[in-house]
Amino acid sequence: MALLALLLALPGCSRGPRHPDWVIHSSIEVVNPPPAGGYRLVFPYIVGDFYGSPNTGNFVAPVSRTASGFTLDLNRTQEQLESELGPTDFSLRFLRIVPREARLARLTPVALQRNGIEPVGPVEWLDAGTRRPLMLVYIDRPARISGALTRGGGTVRYDIRAAKPGYVWIGAIQAGEHEVLYTAVPPPRHPLLAISAKR
């Protein structure tokens, strides 16, 4: 019992329920020659929106790392994430969330110079099997995000439903000849973090 109490008191140990699907085993792919000086990955969030600059601290760190991949255990940092959550305020003004009080945060990995602060290039999650770009978003309660924009003969539509608090993988699906739908998709069997290194 004393050992259990000690483990729970250690920093980074989650005190809430453990969610196996919050453990992400991801491969890494560097497109173009890797940066000459190497790179380092950090894992901040965008709070309250899908798009924009990360606006949280860098409190997520891999629990293991190799040259070809890493493992994140997002159970370990749930308390820190909850302390950073704020009101949802979409930069795409056609989006709305119901209930309005629902809060969200998108995990946005960034590749920086090994010994600097400049990004080495764009980073995105992919499903390694389909090469579909993905977003990984935490939503703090059952909620629905919806909205659509038609421009230039094409429509972009969002219909994202979270049945419970937790992480949702979001991908784009071709819903018609001129319509792209962003919606919740099954977790990828093989997540891949693609780094497009600047030439």
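**Entry 1: aromatic rings**

I paired rings of Phe, Tyr and Trp (its six-membered ring) if their centres lie within 6.5 Å, calling planes under 30 degrees apart stacked, over 60 edge-to-face and the rest tilted. I worked on a predicted model, where local features need pLDDT of at least 70, side-chain atom pairs count only at pLDDT 80 or more, and totals for chains, interfaces and linings use all residues. Residues are numbered from 1 along each chain as its sequence is written, and side-chain values use heavy atoms, with hydrogens and water left out.

I looked up the cluster: ring pairs link Phe50, Tyr51, Phe90, Phe94, Tyr158 and Tyr182. The rule gives a count of 12 aromatic pairs.

I then took the pair of Trp22 and Tyr138. Their ring centres are 6.0 Å apart and their planes stand at 85 degrees, so I logged the pair as edge-to-face. For positions I used DSSP runs, numbered from the N terminus: helices are H or I of at least four residues, and strands are E of at least two. Trp22 lies in the loop between α1 (2-9) and β1 (23-31), and Tyr138 in strand β10 (residues 133-139), so this pair ties together parts that are 116 residues apart in sequence. For accessibility I took buried as under 20% relative accessible area, exposed as over 50% and partly exposed as in between (1.4 Å probe, protein chains only). Trp22 and Tyr138 are both buried.

I also checked Trp22 against Tyr167. Here the ring centres are 5.3 Å apart and the planes are at 80 degrees, so this pair is edge-to-face too. Tyr167 is in strand β13 (residues 166-176) and Trp22 in the loop between α1 and β1, so the pair ties together parts 145 residues apart in sequence. I noted Tyr167 as buried, as is Trp22.

**Entry 2: backbone**

I looked for cis peptide bonds and noted one that joins Val98 and Pro99, with omega of about 0 degrees. Pro99 sits in the loop between β6 (96-98) and β7 (104-107).

I next looked up positive phi at residues other than glycine. Asn32, not a glycine, has a positive phi of about 75 degrees. I placed Asn32 in the loop between β1 and β2 (39-42). With a relative accessible area of 27%, Asn32 is partly exposed.

Arg131, also not a glycine, has a positive phi of about 65 degrees. I found Arg131 in the loop between β9 (123-127) and β10.
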